[in-house]
Amino acid sequence: MLSSFLDVGAQVLVLFILIAVGALLTKLGMITEQGSRSMTDVVLYAVTPCVIINAFQREFRHEMLAGLLTALAAAFASLLCSVLIAELLYRKMDVSRGAVLKFAVVFSNCGFMALPLQKAVLGDDGVFYGAAYVAMFNIFMWTYGLITMSRKTELRSALKAVMNPGIIGTVIGLVLFVFSIKLPTVPASCVSFLAALNTPVPMLVIGYHLVHSDIRRVLKDKDAYIAMALRLIIIPAAVMGVMLALGIDSVIIVSTVIAVSSPVAAYSTMMSAKYGRDTQLSAGIVSASTLFSLVTMPLIVGLAQYLVS
């Protein structure tokens, strides 16, 4: 449990340093509003699919496929339950504010923060099953998340939700894994380089918005506290309990718990900025939940490891 605490603490510290760099560059005038929007598009449309494809570049084994399907089912169930909770709590709230709080409850920082921790705690298998959660996360984000933030449900938006880089990357990654197709050296290197941007660029964007937000507002916001409690403690504990009761493989349980217990997704701020939602609330809740996760994640992950051992 101590080892998990140190791993998580180190990862959170890295994220906060990167956010601080983004804030400093903003203060120095090196990151502007237009620059922030451009970086957001780069992450959403180029980096995300490369992260997924890169994670599925491994040798096919039947037992791994069975485990992958289990991990996908667990991710789907946890995200669907989170959506139901968010809609129940915030369905009558102001559109801009409600969209941010719904997003905070449903979407964790499973790519930027969980994957490195899964690697440190569980090795390559942890990353593999973690990629399953990231894949399902992208399907939900580009459907439910997109509609929630944009408030558009017409046919054009529905098509955009289905035919988007996140889901396309998921399909490509699964095909490459199932058929054991290894990308040639040159395209594989390009995918890896773009995937490596998955942590620093979003943190710089959050740093930009953090300069223009007041975290004290979040710390005085009862609804924000409820959303963070659901995101960091209640939903992860419920997911862990159900998976333990079902007797699922220990590596899949711990990997899923790491993903579910991660703080509010950095995509929240990027999507808020893109669609004109409450960006200050989003930046504040991402930063505050990341700070609180320094304590909550080690406890939740450590408990999961203890119970499956």
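The axes of helix α4 (residues 95-106) and helix α15 (residues 279-308) come within 9 Å of each other and cross at roughly 20 degrees. That angle makes α4 roughly parallel to α15, since angles under 35 degrees fall in that class. The model is predicted. Its protein chain has 15 helices and zero strands. The radius of gyration of this chain is 18 Å, close to the 19 Å that the globule rule gives for 309 residues, so the chain is as compact as a globular protein of that length.

**The chain as a whole**

- The C-alpha trace of the protein chain spans about 50 × 45 × 40 Å along its principal axes.
- Of the 309 residues in the protein chain, 54% count as buried.
- Among the contacts in the protein chain with a separation of 6 or more, 86% come from residues 24 or more positions apart.
- L2 is found in helix α1 (residues 2-27), and at 62% relative accessibility L2 counts as exposed, because the class begins over 50%.

**Helix α4 against helix α15**

- The crossing of α4 past α15 is right-handed.
- On the α4 side the contact is made by R97, V100, L101 and A104, and on the α15 side by L281, S282 and I285.
- Sorted by class, this contact of α4 with α15 has five nonpolar residues, one polar residue and one charged residue.

**K102 in helix α4**

- K102 also has its place in helix α4.
- With a relative accessible area of 7%, K102 is buried, because the limit for that class is under 20%.
- Leaving aside residues up to four places away in sequence, K102 touches A86, E87, Y90, R91, Y144, T148 and R151.

**Helix α13 against helix α15**

- Helix α13 (250-260) packs with α15 at an angle of about 170 degrees, and their axes are 10 Å apart.
- The angle makes α13 roughly antiparallel to α15, because angles over 145 degrees count that way.
- From α13, the residues S250, I253, V254, V257 and I258 meet M297, I300, V301, A304, Q305 and V308 of α15.
- By class, the contact of α13 with α15 has nine nonpolar, two polar and no charged residues.

**How α13 is enclosed**

- Nine of the eleven residues of α13 are buried, so this helix is largely enclosed by the rest of the structure.
- The buried residues in α13 are I252, I253, V254, S255, T256, V257, I258, A259 and V260.
- Those buried residues of α13 pack against α3 (62-90), α5 (110-122), α6 (124-150), α12 (222-245) and α15.

**S261, between α13 and α14**

- S261 lies in the loop between α13 and α14.
- Its relative accessible area is 0%, and S261 is therefore buried.
- Not counting residues up to four places away in sequence, S261 touches R231, L232, P236, M297, I300 and V301.
- Of these, M297, I300 and V301 are among the α15 residues that α13 meets.
- S261 and R61 are 200 residues apart in sequence, and their C-alpha atoms are 28 Å apart in space.

**Helix α14 and the residue after it**

- Eight of the nine residues of helix α14 (residues 267-275) are buried, so α14 is largely enclosed by the rest of the structure.
- The buried residues in α14 are Y267, S268, T269, M270, M271, S272, A273 and Y275.
- Just after α14, G276 takes a positive phi of about 70 degrees.

**S180, in another loop**

- S180 lies in the loop between α8 (165-178) and α9 (185-195).
- S180 has a positive phi of about 50 degrees, although this residue is not a glycine.
- At 37% relative accessibility, S180 counts as partly exposed.

Notes: Residues are numbered from 1 along each chain as its sequence is written. This is a predicted model: local features need pLDDT of at least 70, side-chain atom pairs count only at pLDDT 80 or more; totals for chains, interfaces and linings use all residues. Side-chain values use heavy atoms; hydrogens and water are left out. Helices (H or I, at least four residues) and strands (E, at least two) are DSSP runs, numbered from the N terminus. Buried means under 20% relative accessible area, exposed over 50%, partly exposed in between (1.4 Å probe, protein chains only). Axes are lines fitted to C-alpha atoms, for helices over the stretch in contact, and angles run from 0 to 180 degrees between N-to-C directions. Angles under 35 degrees count as roughly parallel, over 145 as roughly antiparallel, 65 to 115 as roughly perpendicular and the rest as oblique. A crossing is left-handed if the near helix is turned anticlockwise from the far one by less than a right angle, and right-handed if clockwise. Contact means heavy atoms within 4.5 Å. Ala, Val, Leu, Ile, Met, Phe, Trp, Tyr, Cys and Pro count as nonpolar, Asp, Glu, Lys and Arg as charged, and the others, Gly among them, as polar. The radius of gyration is taken over C-alpha atoms; the globule rule is 2.2 Å times the number of residues to the power 0.38.
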